[in-house]
Structure formats: C-alpha cells, structure tokens
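Please examine the structure shown here, keeping the sequence at hand. The paragraphs that follow lead through it one region at a time.

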Amino acid sequence: MEKITSLAKRRGFVFQSSEIYGGQNGAWDYGPMGIELKNRIAAAWWKEMTQLHDNIVGLDAAILMHPRTWEASGHVENFTDPLVDCKKCKARFRADMIPEENLAAKKCPECGGELTDTRKFNLMFKTHIGPAEDTASIIYLRPETAQGIYVNYKNIIQSNRMKVPFGIAQIGKAFRNEIVTKNFIFRTCEFEQMEMQYFVKPGTDEEWFDQWRKRRWAYYEKLGVKMDHLRWHQHGPDELAHYAKDAYDIQYLFPMGWRELEGVHNRTDYDLGRHTEYSGKDMQYIDQDNNNERYIPYIIETSAGLTRNLLMILCDAYDEEQVADKGNDDDWRTVLRFHPTLAPVTVAVLPLMKKDGLAEMAQDIRNELKEDYSVDYDQAGAIGRRYRRQDEAGTPFCVTVDYQSKEDGTVTLRFRDSMEQIRVPKAELALRLRQEIKAYKRLK
Ligand code: GAP
C-alpha cells in the first residue's frame, strides 16, 4: 500500500486533503490523473448500469435531504458503530475491530490501559441549515445515495413511464463520520458511491438478487480485474444492515487483506414502506398491465464505492516487472496495467528528437488524436525514460515519430503490457487504437 500511496502522489492521482496544514483525516483530493481515472471508472459503471439496459435510468439527487428522510430510513436510530476509548492513551477504537479478549477485559490493545464502556456512535454528519443553530435547523450530509432514489421513485415512474421491474442509477458523494480511516482512500469520511436500485415485484426478489449478483461479478471480469482477487462474502445475521433481508459483498484482496468492494443487498419493501409511513404518501406501484394490482416493490440494491473502486483499480493494475538483467535500476519497470478504457491517458505521442521536423509531425498527430482520445505529448529526455514514465502512469499505447516517419508516413506503436512495437501508417492510427482498445485482453 505504501508503494501505491507514494506512486499516487508522485504521479498526481491522489493527494492528502489540506496537506499544507498537516492534512485532514478521512479526506483526499484527486489530482489531474486521479480525476481522469475516477471519471473513467464512473463512466464505465454508468454505461454498464444505464446504457446497456432499456429499463434503468439515471438520477442526480441533492446531498441535503429533508431530515425526516433519515428518520424514515432508520439511519438516525440504527446507523451506528460501537465505540470505545482508552482512558490512558486516549486512543479511540471501533469495538468490533479490536480483539474480543481486549474488549472483554476492557484492556487497550495499544497501551494496556483501561477501556471505557462501549457506546453507540452515529456515523451521520450533522450540520445546520439557515442562520439559527437550533434543533429545528438540523440537516444531515447523506450517508448513502440510495435514499435520494427512493424519495424520487414515484416521480421517475410518472415522468419516464417506467414499469416494474426497472432500475434507477446514481453516482454521488456520501459522508460518514468514520472512526477508523487508515489504509489510504479505502475508508474515508467523504467518498463517492455508485448505486443502482432495482424495483421488483415481491416474490421475484430472490431471483433478481441472484441475477444482479451474477451481473456485478461479470462487470469486474469485463474490466479486466484479476478474478482470483475477488470473492463473495455473505453477511451473517450480525452483519446484516437494518434494512436487509440478504446481502453479499464482493470482496477484493487489497494489500491489507480481503475487504469489501461492493455490496448487493435485498432491501425488501423496508425503505418504501418506511417512507410511506413517515411521509404519509402512497408509495405503492400500480400495475396497469395487471388489473391495477397495487404493491410496494421490493428493492435489490447494488452499491459500490467509486473511490474504493479507484483504490482497487490502482492496486490491481500495479506491477513491478524485470525487463533487463544489466544490474542497474533500469532493469525494472513499474507499470500500471489499467484497462485502456480506464487509463487516464490513452496514448502518448513522442517525437524521437525535437529537431528535424519530428516534433512538428508529432504535434500534428497529437492534435488529430485529441479529438477521440486522451493524449499526452512528451519530447523531453531519452525515449526509454519516456516509455517508463508512461508505463508508470498506465498509458496503454505510445506513438513514436522517428526519421522513418518522415520518409514513409509510418510511426511506431508501442504496447505498454508486452512492450512490443509495430509500425503503423499514421493515417490509420485512430482506427487501429479503437480496434486495440476493443480487443484488449490483460496479459498478466
Ligand atoms: N446503500 C447501501 C450502502 O451504502 P454500504 O455497504 O454501507 O451500503 C456501499 O456501502 C459501498 O460504499 C461499500 O461497499 C464501499 O465500497 C463504499 N463505502 C462505504 N463506506 C465507505 C467509506 N467510509 N469510504 C469509502 N467507501 C465507502
């Protein structure tokens, strides 16, 4: 993880928030490469979950919602972590994350001091809306994006003529006052989620639950993620969230071990039922194709962290490879094996020399490719060094303009993973890249 954190900073993926003031716990900033990667992960998910389905539509709901939302959802009452403090060293722990014997003996796992009793700590961030800081003005930063979907489900049925089964997808920020925020961007107080809520007829929920588990698994396979680094974990009775009848996590083998990447949950009619109760509005679906049968749909939720997916993609792509045996530093390269649809830079254009018109020719190629691809241009330093820089940034293709290019109009196309180089007529580059991206298969 240290290597990944340091590469992420060095190459402009992720910076500590407010670093000049010593950093802000639980918050991170995404640099020029990080925002490109994040946008591409979000775009891949969005395409998978909306564009590829006729019956799933998108939404972008507000972060600030009516406070009754969170009473109805059960978050005010139930969205808590058990917390203990050490009276001696003042360290704070999640009670479910320290060894049971320490908890039973009330003994601090760090200094051996006495621990306080376990108390419940609500993870929602509270703030005030309007000028008066009284209880009437309390408002929460949403701890999940899902509720914005539930409160809009009737609007969407009406405006978009949706029929059960159908889904609503959303990507957006969520906030949780996490007690433990170590492991880089794995668990943060401000993060982004990619959630899809699928509304189904009661009784068909288990079938849809299985269906969505299969689809979400297949998605990661399509992205070229190492499948032996993924596994399912079914929630036991103690782990199930207050709204869930059944839940499975897709876990990824991060450097610190197997951890949750995404959850697939059967939320039953809990949320819509509670919103009916708390808002007084009828949340039933009227099935016009079936004698106006009325029911509250069951909800199958797929809930992935966008920022956690970014960490997974970084870990999964990271590789150190021996490429020579000369006994010096250049024998090894660091390479990020991003899928080309996710790579922040798709293609780098490199003139072999700055002189003799090679730079101008390379700039023309850069300008042409820019229309379709994210392109980097680099003319500084030895060509081998420039390839290494691109490997480390995860750029899947490099185009090199050399003296032969001036003679016959061909350029070198270099592949990041195999380091193989072929010659391609420059007029065919854009099309060739498209074909390569489509046919991409990860080598290792
Ligand atoms: N709507 C259901 C829900 O929010 P969750 O299991 O609490 O379920 C879903 O969260 C996903 O959101 C997780 O699998 C994880 O990827 C991401 N996530 C949750 N808390 C996070 C945090 N503090 N920091 C980063 N990502 C988080």
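This is a predicted model: local features need pLDDT of at least 70, side-chain atom pairs count only at pLDDT 80 or more; totals for chains, interfaces and linings use all residues.

The buried residues of helix 1 are covered by several elements, including strand 1 (14-16), helix 10 (306-317), strand 17 (318-322), strand 18 (332-336) and helix 12 (383-393). Within helix 1, which comprises residues 2-10, the residues Ile-4, Leu-7 and Ala-8 are buried. Viewed down the axis of helix 1, its buried residues fall within an arc of 100 degrees, so they line one face of the helix. Glu-2 and Arg-10, on the other side of helix 1, are exposed. After helix 1 comes Gly-12, which has a positive phi, near 80 degrees.

Which residue forms a salt bridge with Arg-11? The partner is Glu-392, and the closest N and O atoms of the pair are 3.0 Å apart. This pair links distant parts of the chain, since Arg-11 is in the loop between helix 1 and strand 1 while Glu-392 is in helix 12, 381 residues apart. Arg-11 and Glu-392 are both buried.

Salt bridges with shared partners join Arg-333 and Asp-391 into one network with Asp-319, Glu-321, Arg-337, Arg-414, Arg-416 and Asp-417. In the whole model, the count of salt bridges comes to 36.

The side chains of Glu-301 and Arg-267 meet at 3.0 Å, N to O. Because Glu-301 lies in strand 16 (residues 298-305) and Arg-267 in strand 13, the pair ties together parts that are 34 residues apart in sequence. Glu-301 and Arg-267 are both buried.

Strand 13, residues 257-268, runs antiparallel to strand 12, and nine bridges join the two. Strand 12 itself, residues 246-254, is mostly covered, with seven of its nine residues buried.

The next topic is the backbone in the loops. Most residues other than glycine have a negative phi, and most peptide bonds are trans. Lys-90, although not a glycine, has a positive phi of about 70 degrees. Lys-90 is located in the loop between strand 4 (80-85) and strand 5 (92-94). Is Lys-90 buried or exposed? Lys-90 counts as exposed because its relative accessibility is 63%, and the cut-off for exposed is over 50%. Lys-106 likewise has a positive phi, near 55 degrees, and its place is in the loop between helix 5 (100-105) and strand 6 (119-122). Lys-106 counts as partly exposed because its relative accessibility is 32%. A cis peptide bond, with omega of about 5 degrees, joins Val-164 and Pro-165. Pro-165 is in the loop between helix 7 (153-160) and strand 9 (166-175).

On the surface, Leu-352, Met-353 and Tyr-403 form a nonpolar patch, and together they have about 230 Å² of accessible area. Leu-352 is found in the loop between strand 19 (347-351) and helix 11 (358-369). Because its relative accessibility is 32%, Leu-352 counts as partly exposed.

These regions can now be placed within the chain as a whole. The chain has 14 helices and 23 strands, and its C-alpha trace spans about 75 × 65 × 45 Å along the principal axes. Of its 444 residues, 50% count as buried. The accessible surface of the chain comes to about 21800 Å², and 47% of this belongs to carbon and sulfur atoms. Among contacts between residues at least 6 apart in sequence, 65% join residues at least 24 apart.

Terms used: Residues are numbered from 1 along each chain as its sequence is written. Side-chain values use heavy atoms; hydrogens and water are left out. Patches are made of residues with over 30% relative accessible area and no salt bridge: like charges are joined within 9 Å, nonpolar side chains (Val, Leu, Ile, Met, Phe, Trp, Tyr) within 5 Å. Accessible areas come from the Shrake-Rupley method with a 1.4 Å probe; for residues, only the protein chains shown count as cover. A salt bridge is a side-chain nitrogen of Lys or Arg within 4 Å of a carboxyl oxygen of Asp or Glu. Helices (H or I, at least four residues) and strands (E, at least two) are DSSP runs, numbered from the N terminus. Buried means under 20% relative accessible area, exposed over 50%, partly exposed in between (1.4 Å probe, protein chains only). Two strands pair if DSSP finds at least two bridges between them. Contact means heavy atoms within 4.5 Å. The arc is that of the directions from the helix axis to the C-beta atoms.
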